[in-house]
Amino acid sequence: MMNTNTSPNSQPRPLELWGGLECTVNRVRDDYFSQLDRNGHAERACDVQRFASLGIRAIRYPVLWERTAPDGVDKADWSWPDERLPALREAGVTPIAGLVHHGSGPRDTSLLDPAFPERLAEYAAAVAARYPWLEYYTPVNEPCTTARFAGLYGVWYPHARDDRSFIQALLVQCRAVVLCMRAIRKVNPNAKLVQTDDLGKTYSTPELAHVADFYNERRWLAWDLLCGMIGPEHKLWNYLTGTGIDEADILWFRDNPCPPDVIGVNYYVTSERWLDHRPERYPQHHRGVADGIPCADIEASRALATPTAGIGPLLSEVWERYRLPLSITEAHIDANREDQLRWLLEIWQAAHTARDNGVDLRAVTVWSLLGSFDWNSLVTENRGYYEPGPFDVRSPLPRPTALARMMRELASGQPLTNPVLRGQGWWRRPGRFLCPPVATPAALASIAAPSHRLNGASAAPILITGASGTLGRAFARVCQKRNLAYKLLSRHDMDIADPASVDRALSHHKPWAVINTCGYVRVDDAEQEAERCFRENTVGAAILAEACARHGVHLTTFSSDLVFDGRHDRPYVESDPVSPLNVYGRSKAQSETAVLDKHPGALVVRTSAFFGPWDRHNFVTLALGALERGERFVAANDMTVSPTYVPDLVHTCLDLAVDRESGIWHLNNVGAVTWYALAKMAAEKAGIATDSLEARPGTAMELAAARPAYSVLHSERAILLPKLENALDRYLELRGVDDPEYEELVKTAESRQPVASGHRQQEETPAEAFHMQSS
């Protein structure tokens with residue numbers, strides 16, 4: 001890790017790339033939430049080589065008090081850090097040792113315990129003695145933020161909700177930092193403090209300007225304390241002493257300063273806030289009270305008509321206040337993959353701009369290398385909500401995402417290659433608002449315009465085949481929402497079974513990816529139209545795959561659960577041999593082989609039983625409509641499938657395409673039901689009577705094509721879609737809601753269809769869904 005911004009010959013040293021590992025062990029009452037256990041790194045030493053492969057120079061790495069010495073230093077178990085820390089050093093990655101990360105220590109202490117600082121310092125001394133070569137430390141991560149969550153908001157242990165507890169928790173943590181560094185430096189005089197905290201900013205209407213001013217002073221408190229900058233002259237002195245805290249406890253820091261060697265700035269899209277005295281303009285969950293005034297508190301990006309300039313001006317504020325070296329120690333956004341890439345690019349560019357403006361900025365830290373769990377609930381619940389990072393831990397071994405490739409390019413100074421970077425992130429797009437946009441001069445007076453342009457103008461598109469089909473239109477709709485350039489093509493635009501047509505389209509549009517959603521989908525008719533079925537599903541897919549491979553274009557295409565015969569008594573995984581029972585299934589099985597033979601880099605998605613909010617003809621929508629009208633609805637009760645919610649499928653496929661994943665993947669929502677049980681479950685969730693729902697064996701439904709009795713899909717590669725119950729809940733929230741954007745997209749697609757098109761390419765959808773019921 002570089003220690004200065006300039007080398008001996010006065011040439012600026014390059015901006016470094018660091019990594020971070022989410023390792024929070026927060027306590028909620030008597031429950032502990034450990035990220036290391038949930039992301040699997042606690043048991044996976046081989047991750048060290050994965051981290052090193054990213055090209056990072058340093059890593060924020062846990063040597064946590066709660067995990068290593070919960071029963072005292074004399075009973076510490078050093079086996080875990082004994083294995084990991086030397087491995088990092090041997091891999092050329094400098095550890096920045098974190099001792100407490102959003103935690104409150106062992107069970108017998110807390111952030112309000114006066115003995116906490118001395119006890120943590122005792123542990124820090126033991127760490128330094130055991131690893132005297134360790135140079136960089138973060139004894140306590142984000143002390144001001146943690147004090148707010150644990151002492152002011154009551155979210156984390158010890159769940160206090162008052163200003164005195166907030167200040168006490170802050171003083172306890174900062175005192176612990178001072179004492180820890182004092183103890184560490186007795187062993188290693190060259191040890192350096194990397195002190196992190198969240199750095200945001202609050203903007204407001206004039207009526208709440210005094211509250212915003214207070215919040216904007218409060219954000220500095222931890223760094224101010226460590227730098228010995230707080231005394232009677234400090235702007236918040238009266239607030240601090242007004243809590244009843246002994247002045248001597250505050251002034252102790254002026255007499256015992258411990259300024260950071262590197263100030264670590266953590267910055268998120270939620271870090272910049274907007275306060276408005278008109279709460280009725282905002283969603284209910286953003287409403288509250290500040291200084292006795294009813295108000296709304298919302299992310300600035302969701303409210304301000306003019307986006308803030310982001311982290312750039314905030315870095316300048318830190319530099320002007322402290323004149324100490326800086327690093328961005330957490331850069332992450334919970335978003336679709338392309339916006340994760342765009343966020344990192346924006347942070348990286350802002351860091352370079354800050355350096356050009358004279359800020360001593362050392363590094364940007366990508367957070368978190370293994371992703372994180374349940375931060376959408378501030379890790380207070382175990383809901384299983386996961387945000388991937390450079391690696392996705394939902395696979396048997398962590399799977400590198402597009403972020404990993406981007407990190408390697410940044411670390412080596414290579415040009416960035418991912419085409420989705422040519423687009424603005426959601427926090428700068430028009431559709432970001434959760435309220436009427438605020439655009440008054442008073443509201444925007446302190447917001448600087450962005451000084452950088454993120455991306456170029458012309459973005460290579462995704463070509464989506466199947467303009468007449470539900471799935472193709474769903475991909476187009478989601479691409480619009482995600483600001484991914486795309487072209488939705490009809491058969492007239494590109495006939496995938498015609499090599500010349502495919503080559504013309506690829507040469508003209510120059511896409512980086514193709515999503516093939518067209519094909520023959522009428523399972524029963526295929527028994528009599530085998531030639532046509534194979535032409536559209538097998539021959540066409542192979543021609544498209546060969547052309548995409550030749551043009552260097554990623555391909556995503558779709559297969560079906562009907563490639564299996566249903567004789568298993570367990571869900572089918574990707575490596576199971578195929579054995580289709582009908583013509584349609586055989587066309588898909590042969591398509592899979594042909595596509596991957598012609599284009600090994602293609603992504604072949606097996607899926608099943610679509611339902612979604614954007615078409616009227618899927619099984620769930622038809623069932624609910626009939627039952628609402630009191631009409632008889634018949635569904636098979638002896639055929640078990642794994643239904644798939646179309647929006648989940650589309651989002652996941654796009655993420656995998658951005659990651660340039662390949663091979664066969666099973667993508668479906670987690671759950672196994674018969675068609676009858678699916679209709680019943682959906683109706684009960686919707687509060688619709690099921691008196692007219694009739695179960696019937698599949699053999700009694702006069703189906704021309706044989707179906708497997710059991711075709712449930714599971715994945716040995718990764719479970720990426722949520723549970724079926726969760727998907728049905730979200731489907732019902734959107735059911736019947738008008739979507740003008742989607743209707744306009746449908747009209748546009750239909751208007752582009754030729755009047756006499758012969759047999760149109762159809763949508764690629766598991767059509768058996770439409771044949772499992774009758775009226």
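**Barrel and helices**

Mentor: Start with a pair: G264 stands opposite S327 in β13. The model is predicted, so local features need pLDDT of at least 70 and side-chain atom pairs 80 or more, while totals for chains, interfaces and linings use all residues. Residues are numbered from 1 along each chain as its sequence is written, and side-chain values use heavy atoms, without hydrogens and water.

Trainee: What makes β9 and β13 a pair?

Mentor: Pairing takes at least two DSSP bridges between two strands. Strand β9 (residues 262-267) and strand β13 (residues 326-331) have five, in the parallel sense. Therefore they pair. Strands are DSSP runs of E, at least two residues; helices are runs of H or I, at least four; both are numbered from the N terminus.

Trainee: Which strands form the closed barrel?

Mentor: Eight, in the order β1-β4-β5-β6-β7-β9-β13-β14, with parallel pairing. Neighbouring strands are turned by 25 degrees against each other on average, direction ignored.

Trainee: How do you know that α17 meets α18?

Mentor: Contact means heavy atoms within 4.5 Å. P499, V502, D503, L506 and S507 in α17 meet I543, L544, A547, C548, R550 and H551 in α18. These residues divide into seven nonpolar, two polar and two charged. Asp, Glu, Lys and Arg count as charged; Ala, Val, Leu, Ile, Met, Phe, Trp, Tyr, Cys and Pro as nonpolar; the others, Gly among them, as polar.

Trainee: Why is the crossing of α17 and α18 called right-handed?

Mentor: Right-handed means the near helix is turned clockwise from the far one by less than a right angle. α17 passes α18 in that sense.

How values were computed
Axes are lines fitted to C-alpha atoms, for helices over the stretch in contact, and angles run from 0 to 180 degrees between N-to-C directions.
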